[in-house]
Each structure stands twice: as C-alpha cells, then as structure tokens.
Amino acid sequence: MTAGGALSHSSSLRGPRGSVSVSSDAPDDAEWLESPSDLICPITHELFVEPVINAAGQVYERAAIEKALATKLAIKGHWFMQVDPISNLPLPSASLTTVWPMKSKAAAYRERAVQGCIAQVCRPSCRTPVRYLRRAAELAAGALAGVPHGGAVLGVAGLTPEVVDYVLTHPSSIYDFQALSRFAASLVGCGQRDRAAALYTQLLQLAGDTSQQARKGRWPLARVLKVASVLLLLNPQQPR
C-alpha cells in the first residue's frame, strides 16, 4: 500500500522498457513481468504484435514503422527518401516483410505471460494482485482483435475485453480497487467462483483501514464484503 492507503501505483512498477519490475510475490515471476528484450519494438518499447523487417535489416512493429516512415524523410538530390528511424540512413526501398518466427515467439510469450499473471492475481498469498492484473491487461491489449464482447482474451477466464479496457484506461492507483473488483465480478460471471472468492478476500485484506477508506469514498468496501461473504457461503472450501 501507498502512504495514502491506495493499492500499489502501476506507474511506479514500470521498468525502462515499460515493463513491470520484479517483486517478492513469487521468485519465478520475472518472465511474466518483463518481456524478452529480443521481442521488444525499439520504437514502441512494447512486445511485438506484427514485427516486420525493413530494407535496412531492422525489425519494428508494423504500425509504428509505417507511421515513422510517413514522417521521416531525407533529401537525396531532388528526391525525398524514407530513412530508417534508428540509423537515420536512407532506405533503398520501403518494403516491410513480416518476421513470422518472431511473431510466433511473441504471441507464445504473450499467452504464457498473461496466463501466469492471472494465476498470480488469483493466488491467495499474492500481496500485490493489481500489478499482475495491470501487466496482464498490458499484454492482452495486443490480442484483442476478434474477441467478442464478454469473451475470454487468450482463453483466460474472466479476462474480457471490457476488463482489459477498464484497466488500461484507468492507470491511476485510485482505480486499483475498482479494477480488481471488475475482474473478480467477471470471474463470477464465467463461473470461476473459487478464484473470485480468493480475489475478494485479498481485496478485503488489502483494504486496510476500512473506516478511513470509507470516509474518503474511495473503495466500495461494504459491497465487496457482501459479495465476498455470499461467495464464501456458496463455496465454503478453501479457495484455490
């Protein structure tokens, strides 16, 4: 918790490449929290979705390099030539070719990392579930194409496009509780009551001074307590 009582702020958990730094929640979670350097676009500093190679042999995210090539030009004689955004050298052609092995590798990593992060979110002993949820949403953003309303992104139960959108559009720590609550509600909606109960229990533990937070109007603790109680009554077994 921060001094103000909110859950950990996501921006303070980001590393130099936009990935989340490693904590003591799980000793082997570094793979999920930091993308492999060879799968990071040098322009966006994010995991590749559609990596392409240009005439200079540099690999970029397609959307990023297309935007860069549209604005970055060099004059050669009486002609304007596109230049590589890293080397600033003129390109002999504007061709962009998809790097299929790298695309497959990035997609496989994204799926594994999202699943790993969500597993941490729902782990009863996880101390900072919000940072794993934010990391999962960050990665899942590259896999939203074709996922219907209410569908499971990358097949992960509860991780719907709506949950991902809310987490990404509400990056401030004051929305951490709401983000986790929305994900927990989504877990209930898809029948994952054990995982939802575990997450609601964590929310109650992370809330800390309930009376202070209630006075601030920041967290709907009464509602969370009610839902958690119902879930635990429906599922009296130890949450998995």
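Predicted model: local features only at pLDDT ≥ 70, side-chain atom pairs only at ≥ 80, totals over all residues.

Reader: How many bridges join strand 1 to strand 2?
Author: Strand 1 (residues 51-53) and strand 2 are joined by 3 bridges, and they run antiparallel. Within strand 2, Tyr-60 is the bridge partner of Val-52.

Reader: What is the order of the strands in the sheet?
Author: The open sheet has 3 strands in the order 2-1-5, with antiparallel pairing. Strand 2 (59-61) and strand 5 (97-98) are the edge strands, each pairing on one side only.

Reader: Which strands does helix 2 touch?
Author: Helix 2 (residues 62-71) packs on the sheet and touches strand 1, strand 2 and strand 5. The direction of helix 2 makes about 100° with that of strand 2.

Reader: Turning to salt bridges, how many does the structure hold?
Author: There are 6 salt bridges in the structure. One of them joins the side chains of Lys-103 and Glu-50, at 2.7 Å from N to O.

Reader: Why does that pair tie together parts that are 53 residues apart in sequence?
Author: Because Lys-103 lies in helix 3 (residues 100-121), while Glu-50 sits in the loop between helix 1 (30-33) and strand 1.

Reader: And is Glu-50 buried or exposed?
Author: Glu-50 counts as buried, because its relative accessibility is 18% and the cut-off for buried is under 20%. Lys-103 is partly exposed, with a relative accessible area of 24%.

Reader: Which residue does Arg-135 meet in a salt bridge?
Author: The side chain of Arg-135 meets that of Glu-138 at 2.9 Å, N to O. Both residues lie in helix 4, 3 residues apart, about one turn of the helix. Arg-135 is buried, with a relative accessible area of 1%.

Reader: A change of topic: at what angle do helix 5 and helix 6 pack?
Author: They pack at about 175°, with their axes 10 Å apart. Helix 5 and helix 6 are therefore roughly antiparallel to each other, since angles over 145 degrees count as such.

Reader: Which residues make the contact?
Author: Helix 5 contributes Val-163, Tyr-166 and Val-167, and helix 6 contributes Gln-178, Ala-179, Arg-182, Phe-183 and Ser-186. By class, the contact has 5 nonpolar, 2 polar and 1 charged residues.

Reader: Which residues of helix 5 are buried?
Author: In helix 5 (residues 161-169), the buried residues are Pro-161, Val-163, Val-164, Tyr-166 and Val-167. Their cover includes helix 4 (129-140) and helix 6 (176-189).

Methods. Residues numbered from 1 in each chain as written. Heavy atoms only, no water. Buried < 20%, exposed > 50% of the residue type's maximum accessible area, 1.4 Å probe, protein only. Helix = DSSP H or I, 4+ residues; strand = E, 2+ residues; numbered from the N terminus. Contact = heavy atoms within 4.5 Å. Pairing = 2+ DSSP bridges. Axes fitted to C-alpha atoms, helices over the stretch in contact; angles between N-to-C directions. Parallel < 35°, antiparallel > 145°, perpendicular 65-115°, else oblique. Nonpolar A, V, L, I, M, F, W, Y, C, P; charged D, E, K, R; others polar. Salt bridge = Lys/Arg side-chain N within 4 Å of Asp/Glu carboxyl O.
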